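Student: I would like to learn how to read a model like this one, feature by feature. Could we begin with pockets?

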Amino acid sequence: MTSGPVTTDAFWLARAVELSKLCPPSETAFSVGAVIVGTDGEVLSEGYSREADAHNHAEEAALGKLPDGDPRLRGATIYSSLEPCGQRASRPRTCAQLIIAAGIPRVVVAWREPDLFVSACQGTALLEEAGVEVVELPELATAARAVNAHLLG
C-alpha cells in the first residue's frame, strides 16, 4: 500500500529550514528558506535567500521560479523559516507584498523577524490585513534561529 504526498505543515516548514542552510553567509541579512506547496501536496517551487542574487529573499526566489499569475498559487501555502519581510530597502516590493500579489492564501512560518535589521517587522500584520492566514510553528523556531546564530550572538 502506498501513501499520498506528505502534507503536514511541520514537514514542509522543516524543509524550508533545511533550504535556509544553503544560503551564502551574510552579516547583514538572515538566511531563510521557503517552499511553496500546492493544494495537492505538490512542491510548486523552493528558494532560499541570496540563491541567485545577493539581494534575493527566500520567498522572492521561490516565487520568481513560477510564472506570473500561476493559478495554482491561489490555493497554495508558502512555508518560510522566517516571517516574510514587511519593509525592504533593496527592492521595490516586500515579500509580504509579493505573496499578497501572487494570491497565496496561507503562510506558515517558524519565527517572527527579530529587531536586528528592521524594527517591528510588519510582514505578518500586512499579510493578515490582506486576508492571508498566517500560522506560526514555534517548535521549529530553534532550528531556524540556529542557521542564523552568527547574527544573533
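Student: What classes of residue make up the lining of the largest pocket?

Tutor: Keep in mind that this is a predicted model. Rolling a probe the size of a water molecule over the atoms shows where empty space is left. Here the lining of the largest pocket is made of eleven nonpolar, seven polar and five charged residues. The volume of this pocket is about 410 Å³. Its lining has 23 residues, and T28, A29, F30, H57 and R88 are the closest to the pocket centre.

Student: Which residues lie closest to the centre of the second largest pocket?

Tutor: Those are L63, D68, R93, L98 and A102, out of 13 lining residues. This second largest pocket holds about 220 Å³ of space. Its lining splits into seven nonpolar, two polar and four charged residues.

Student: Let us turn to the fold. How many helices and strands does the protein have?

Tutor: There are six helices and five strands. Following the sequence, you read them off as α-β-β-α-β-α-β-α-β-α-α. Contacts tell you how the chain comes together: among those with a separation of 6 or more, 72% join residues 24 or more positions apart. Of the 153 residues in the protein, 49% are buried.

Student: Which residues have the most contacts inside the largest nonpolar core?

Tutor: L13, I36, L73 and Y79 do, in a core of 40 residues. Several elements give two or more residues to this core, including β1 (33–37), β3 (77–80), β4 (106–109) and β5 (133–136). Helix α1 provides the largest share, five residues.

Student: What does I36 touch, leaving aside residues up to four places away in sequence?

Tutor: Its partners come from several stretches of the chain. I36 touches E42, V43, L44 and S45, then A62, L63 and L66, and finally L73, A76, T77 and I78. Two of these names have come up already: L73, with I36, is listed among the core residues with the most contacts, and L63 is one of the residues closest to the centre of the second largest pocket.

Student: How many disulfides does the structure contain?

Tutor: The search finds zero disulfides. C85 is in none, and the nearest cysteine sulfur, in C95, is 3.7 Å away.

Student: What should I notice about the phi of R50?

Tutor: Most residues other than glycine have a negative phi, and most peptide bonds are trans. R50 has a positive phi, near 60°, and is not a glycine. You will find R50 in the loop between β2 (43–48) and α2. R50 is buried, with a relative accessible area of 10%.

Notes. Residues numbered from 1 in each chain as written. Predicted model: local features only at pLDDT ≥ 70, side-chain atom pairs only at ≥ 80, totals over all residues. Heavy atoms only, no water. Disulfide = S-S within 2.5 Å. Core = buried A, V, L, I, M, F, W, Y, C linked by side-chain atoms within 4.5 Å. Buried < 20%, exposed > 50% of the residue type's maximum accessible area, 1.4 Å probe, protein only. Helix = DSSP H or I, 4+ residues; strand = E, 2+ residues; numbered from the N terminus. Contact = heavy atoms within 4.5 Å. 1 Å grid on protein atoms, 1.4 Å probe; cavity = no way out; pocket = protein on both sides within 12 Å on 5 of 7 lines; lining within 4 Å. Points joined across faces, edges and corners; volume = space filled by probe spheres on them. Nonpolar A, V, L, I, M, F, W, Y, C, P; charged D, E, K, R; others polar.
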